[in-house]
Amino acid sequence: MKVLACLLLVSVIGAAAHAAQAVTAGPGSGSSAERAFAYAAGRQPQLAPAGQEEFVPIDELPPEDQLPAAPLLVTGYAFAWLAIFGYLWSIWRRLGHVERELSEVGRFAEDRPRT
Amino acid sequence: MLKRLFAPCLVLGVVLFAGAPFVIASARYESTMGLIQKIFYFHVPSWFAMFLGVFICGVASAVYLFRRTSASDRLAAAAAELTVLFGAIGLVTGPLWGRKAWGVWWQWDARLTTALVLWMIFVAYLLLRRYGGPGSDRLAAGIGLFGMANAPFVYWSVNIWRTVHPKTSVVPTLPPDMGGALWWCVAAFLMLFGALLAARVRLEEQRVTLDRVYLELDG
């Protein structure tokens with residue numbers, strides 16, 4: 001009986017040491033029994049992610065996941081470009097108009113007979 | 001001084017803008033938002049430029065109110081237009097990003113609402129300058145000053161109240177590749193802001209000269 005108890009104690013200590021080694025070494029190390037012991041000892045073994053079980057159509061996703069991002073991104077960039085360079089063009093056009101008018105008024109003022 | 005800044009700011013701004021897509025493409029994707037997060041590299045710089053316009057308009061308006069210098073009035077009017085322009089870019093790119101990231105175009109949270117109100121204050125400034133008649137320049141200067149006083153509330157709103165908008169702690173904690181792309185785009189936007197401001201002030205100066213010439217002719 002005493003020999004049996006000692007043998008049992010040694011095997012438990014050995015298994016615990018092996019399990020600790022398997023947990024720290026990572027997935028794939030040690031036997032399935034050791035992994036089961038580690039789980040039973042309260043530590044989760046590291047498992048590979050499960051393969052995809054089904055295909056989900058895009059219209060069953062939440063709304064924010066259904067939208068493609070590229071058109072929104074391109075629209076944002078295009079708006080910024082158009083706004084900035086459109087404004088630059090409008091300033092150039094308005095400045096040209098005012099400077100033309102200024103030169104015409106200047107010529108009129110010079111040509112006007114002085115009273 | 002502004003006249004001399006126009007050409008270098010424009011050239012540098014266009015070069016930086018042209019290089020921006022490559023710099024943005026080299027930045028890593030954000031883990032939760034993916035491709036749509038890249039709007040960030042135009043959205044944030046546009047608000048940088050808008051806030052610069054707000055402060056220039058506010059300070060120039062204060063100088064005009066207390067000293068009545070016409071140069072500061074012209075600068076304030078030019079800065080207000082640019083504030084509206086860059087604010088519009090921010091208000092368009094934000095919802096495009098939000099539609100994908102949050103699932104909605106708009107939320108009436110503190111940041112978005114205060115930013116919209118700030119933009120509308122400067123739209124009101126421009127409407128007043130355009131249609132206000134005599135004396136509207138001083139009234140508009142008061143509005144410009146009020147707008148500048150609102151800007152800190154817009155900036156700090158995300159830290160004070162619970163909002164759906166990201167907090168101000170995002171930018172200082174960016175990794176180098178994302179931070180580099182952001183500051184590249186900020187530089188591009190600010191260079192273009194400088195060029196547009198110089199051009200707009202020149203336009204205002206020429207209009208004032210034209211008015212003076214007409215007054216002299218009538219006199």
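Trp161(B) sits in the loop between helix 5 (136-160) and helix 6 (176-218) of chain B.

Some ground rules. This is a predicted model, where local features need pLDDT of at least 70, side-chain atom pairs count only at pLDDT 80 or more, and totals for chains, interfaces and linings use all residues. Residues are numbered from 1 along each chain as its sequence is written, chains are lettered from A and ligands numbered from 1 in the order in which they are written, and side-chain values use heavy atoms, with hydrogens and water left out.

Back to Trp161(B). Buried means under 20%, exposed over 50%, partly exposed in between, with a 1.4 Å probe and protein chains only.

Together with Tyr155(B), Trp156(B) and Ile160(B), Trp161(B) forms a nonpolar surface patch, with about 470 Å² of accessible area in total. Patch members have over 30% relative accessible area and no salt bridge; nonpolar side chains (Val, Leu, Ile, Met, Phe, Trp, Tyr) are joined within 5 Å, like charges within 9 Å. A salt bridge is a side-chain nitrogen of Lys or Arg within 4 Å of a carboxyl oxygen of Asp or Glu. Areas come from the Shrake-Rupley method with a 1.4 Å probe; for residues, only the protein chains shown count as cover.

Now the rings. Phe, Tyr and Trp rings (six-membered ring for Trp) pair if their centres lie within 6.5 Å; planes under 30 degrees apart are stacked, over 60 edge-to-face, the rest tilted. How many aromatic pairs are there over all chains? The count is 14.

Take Phe86(B) and Phe193(B). That pair is tilted, 5.9 Å centre to centre, with 45° between the planes. Phe86(B) lies in helix 3 (residues 70-101) of chain B and Phe193(B) in helix 6, so the pair ties together parts 107 residues apart in sequence. Both Phe86(B) and Phe193(B) are buried.

Tyr155(B) is partly exposed at 39%, and Trp156(B) is partly exposed at 45%.

One aromatic cluster includes Tyr77(A), Trp81(A) and Phe85(A), along with Phe17(B), Phe42(B), Phe86(B), Phe189(B) and Phe193(B).

Last, chain A. Chain A has four helices and zero strands. Of its 115 residues, 18% count as buried.

Terms used:
Helix = DSSP H or I, 4+ residues; strand = E, 2+ residues; numbered from the N terminus.
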